[in-house]
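Thanks for coming. Please have the sequence and the model open while I talk.

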Amino acid sequence: MDMNEKEKIEAQPAGEVKSELPDTKEGRLVKDLLERAPYAEGSVRRERRVEFKVPPERIHEFLELASEKFEMLMQISTVDWIKEGEFELVYQLWSVSESVHAFVRTRVPRENAKLPTVMDIWPVAETYEREAHEFFGIIFEGNPRLGPFILEPREYEKHPLRKDFNTLGHVKALYGEDFDRYDESKTNYVI
Amino acid sequence: MSERRDVNENDGVIHYELQEFQVFEPLFRWARKKSLWIVAFCTGCGGIEIPPLATARYDYERFGIMPNPSPRMGDLFLITGYVTPKTLKRIIVTYEMMQDPKYILTHGSCPINGGVYWDSYNVVKQLDKYIPIDVSIAGCMPRVEAVMDGIMEIMRKIESGEADGWRRYRENYDYYRKNQDELFGEGWREKEAKRWLAWI
């Protein structure tokens with residue numbers, strides 16, 4: 001419920017702003033990019049922060065366009081929207097020339113999530129993609145180093161940051177059950 | 001005494017408690033207590049509590065505590081926060097590199113029972129199952145005064161002979177080894193060594 005509410009609040013201003021982008025450097029940046037990539041949605045969130053929504057099959061194309069103005073890839077963060085059955089990937093770009101931070105959002109279905117790699121645009125994407133692959137099981141096609149990265153192999157198989165990963169069961173299996181713990185409401189004895 | 005020697009007969013280490021030195025034992029204990037060199041293995045959030053300890057206000061050097069570059073010269077192993085399985089492998093290897101007698105001081109709740117990470121897949125609960133701990137300081141995060149108190153406690157235990165984690169590790173090595181192997185799988189030492197060969 002909480003997740004859905006948040007989504008609605010975010011969705012509404014995006015629709016309104018789309019028609020009238022402000023006449024600032026951020027607005028002009030979004031406008032230029034949207035003219036060349038009409039499949040994307042774009043909005044200005046505030047000063048020095050813009051946001052795009054891109055369908056996953058055209059993400060590589062869009063990021064290649066965006067990389068002309070946004071020279072740096074700062075992070076790829078992933079959100080697991082388990083009720084909608086989707087992973088949301090947020091490519092966080094930074095424009096050194098314009099000092100603008102851009103969120104490029106895309107959504108892929110949770111089952112067999114696949115995306116093209118963006119290593120050819122920003123080589124640093126290799127690390128972020130490996131991380132997203134390890135913790136969520138998203139496959140980035142074209143990235144040669146996907147595989148066990150930070151975690152132990154047994155956790156790598158389970159993709160522990162997915163919302164349906166049973167943390168407590170994993171802990172009990174791994175570290176034993178002889179701990180003295182109650183759950184958050186202090187009523188049920190969990191371990 | 002003789003029993004312990006039987007146990008340790010095969011490990012090829014000269015036992016420090018030779019009969020003829022027994023008379024000097026109180027002196028040795030006093031000397032050990034007054035020259036604790038630390039292996040500051042800064043895991044988790046407690047590493048940031050070490051600088052105030054080392055600098056002018058709390059200044060642990062007045063107790064003869066000194067940070068030192070090598071685990072071979074260390075006496076006191078500070079584990080300063082939560083321990084992940086990956087870190088635990090390094091901790092075990094480092095701990096086994098240290099010379100006897102060696103002591104372990106842990107900071108915070110996480111090494112005791114997981115602390116706030118009690119249901120995390122990646123934090124070792126109950127560190128005492130894998131390596132012997134002499135003094136645990138509870139708290140999240142213990143303040144410098146508490147760490148100071150823990151250090152005083154371990155000094156007291158060294159003088160009275162209660163800080164015998166290194167001896168427990170020798171005597172109950174099978175138990176610790178079993179727990180370690182359960183967590184990491186059989187043959188983890190060899191696998192780790194293979195991974196490190198490239199760096200040596």
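In which loop of chain B is B:Asp59 found? B:Asp59 is in the loop between helix H3 (50–54) and S2 of chain B. Phi of B:Asp59 is near 45°, a positive value in a residue other than glycine. B:Asp59 is partly exposed, with 13 other C-beta atoms within 10 Å. On that scale a residue is buried if 20 or more other C-beta atoms lie within 10 Å of its own, exposed if 12 or fewer, and partly exposed in between, with C-beta atoms placed from the backbone.

Now the ground rules. This is a predicted model, in which local features need pLDDT of at least 70, side-chain atom pairs count only at pLDDT 80 or more, and totals for chains, interfaces and linings use all residues. Residues are numbered from 1 along each chain as its sequence is written, while chains are lettered from A and ligands numbered from 1 in the order in which they are written.

pLDDT is the predictor's confidence in each residue, from 0 to 100. Chain B averages 84, and 89% of the residues score at least 70. Where pLDDT is low, the predicted coordinates should not be read in detail. For the complex, the predictor gives an ipTM of 0.71 and a pTM of 0.78.

Next, the strands of chain B. Two strands pair if DSSP finds at least two bridges between them. Strand S1 (residues 37–41) pairs with strand S2 (residues 66–67) in the parallel sense over two bridges, and B:Ile38 has B:Pro67 as its bridge partner in S2(B). S1(B) is also joined to S3(B) by four bridges, and these two run parallel. There, B:Phe41 has B:Ile79 as its partner.

Strand S3 (residues 76–79) of chain B in turn pairs with S4(B), parallel, over four bridges.

Are the faces of S4(B) covered or uncovered? Both are covered: B:Tyr103, B:Leu105 and B:His107 on one side are buried, and so are B:Ile104 and B:Thr106 on the other.

The bond from B:Asp100 to B:Pro101 is cis, with omega near -10°, and B:Pro101 lies in the loop between H4 and S4. The bond from B:Cys140 to B:Met141 is cis, also with omega near -10°, and B:Met141 sits in the loop between S5 and helix H6 (144–160).

Last, the contact between the chains. How many residues does the contact take from chain B? It takes 12 residues from chain B and 12 residues from chain A, where two residues are in contact if their C-beta atoms, placed from the backbone, lie within 7 Å. The chain B side divides into five nonpolar, four polar and three charged residues. Ala, Val, Leu, Ile, Met, Phe, Trp, Tyr, Cys and Pro count as nonpolar, Asp, Glu, Lys and Arg as charged, and the others, Gly among them, as polar.
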